[in-house]
Amino acid sequence: MDNLIIEGTRQTPEINFDVESGILKLEGRSIPENTFEFFTPVLNWLDAYVNSSPDKIVAKINLEYFNTSSSKYILEILKKLKVFKVEGTEVLVEWYYEEDDEEMMETGEDYEDVSGLPFEIISFEEE
Amino acid sequence: MNTYEKFRKLMDNHIMLSFKGEITSDIITMVLQIMETRLDSVSEKGNVKKKIFNVLVECMQNLYHHSEAEEPGNIDTRRAMLELFYDNDFYYILTGNYIKNDAIAALRDRIDRVNSLSKEDLRRYYREILDNNIISDKGGADLGMIDMARKSGQKLFYQFHDVNDSLSFFELRVKVAKNKPKLDK
């Protein structure tokens, strides 16, 4: 199957899901009005990827901003990752936030709690 | 009021942006672009800038999805307003849009509930809604109010203004505290 690569825009995040390495990157901002349109192909890709039974996947989520309609879809992505885990794949979520962005850190903890997946919450310095 | 008085009023009230009209996708993109630049130039710390930007995104999302038309059935009359201004202590994001009278009670309840919760309870409520709500075609609108209260760290001020038998005008005001210079201890 093909890697999933979607370029980022001012409204939508950059997606780089790599079949071979199992690294799933989600970066930038996610504030489109129509989240359904953007996230449906992403979720479909993950559905197909489960069949490849990768040994390990690492989701690297590094978002600057996202709206609440995107927040539902981020949870959907995490729920899909749970399916991998059930199927025997080792799953890790790396949640990145800018040092002073306490809300983004808390949101990471919220997702860790709700999804029940192993999270690493990682801060980085502002550029 | 003559033009100069109008200009003075805009200046004295520290209005950073004022818009009325239909909130389209293009308008949202444009407003966010302008505000990002403006917030950069007032050199607010990243943190405050992010809070304002987050609230603004959510407010416009609400206007985009939930504004009712002023003339029933005429979608070209989904007019709304958005204003950003500040005083010594806060930034304010003010929105106004038409709402059907029969939708008022539910909205009022939702905001009152959000306003009644402590920071921790708000977080618990957020997790609960995030986990349990199915995705609607308008996205996670229920989360919007909770998110704005969390991000702003302030109570949400609202008011419904009478318009006619079927419509009211919904005013929502969200404030974000400015950075205070740290005092030496």
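Helices (H or I, at least four residues) and strands (E, at least two) are DSSP runs, numbered from the N terminus. The model is predicted: local features need pLDDT of at least 70, side-chain atom pairs count only at pLDDT 80 or more, and totals for chains, interfaces and linings use all residues. Residues are numbered from 1 along each chain as its sequence is written, and chains are lettered from A and ligands numbered from 1 in the order in which they are written.

**Fold of chain A**

- Chain A contains three helices and six strands, and along the sequence these follow the pattern β-β-β-α-β-α-β-α-β.
- The radius of gyration of chain A (taken over C-alpha atoms) is 14 Å, close to the 14 Å that the globule rule gives for 127 residues, so chain A is as compact as a globular protein of that length. The globule rule is 2.2 Å times the number of residues to the power 0.38.
- Along the principal axes, the C-alpha atoms of chain A fill a box of roughly 40 × 30 × 25 Å.

**Interface with chain B**

- Two residues are in contact if their C-beta atoms, placed from the backbone, lie within 7 Å; 23 residues of chain B are in contact with 20 residues of chain A.
- On the side of chain B that touches chain A, two or more residues come from each of helix 2 (25–41), helix 3 (46–66), helix 5 (119–132) and helix 6 (141–152) of chain B.
- Helix 3 of chain B gives the most to that side, with nine residues.
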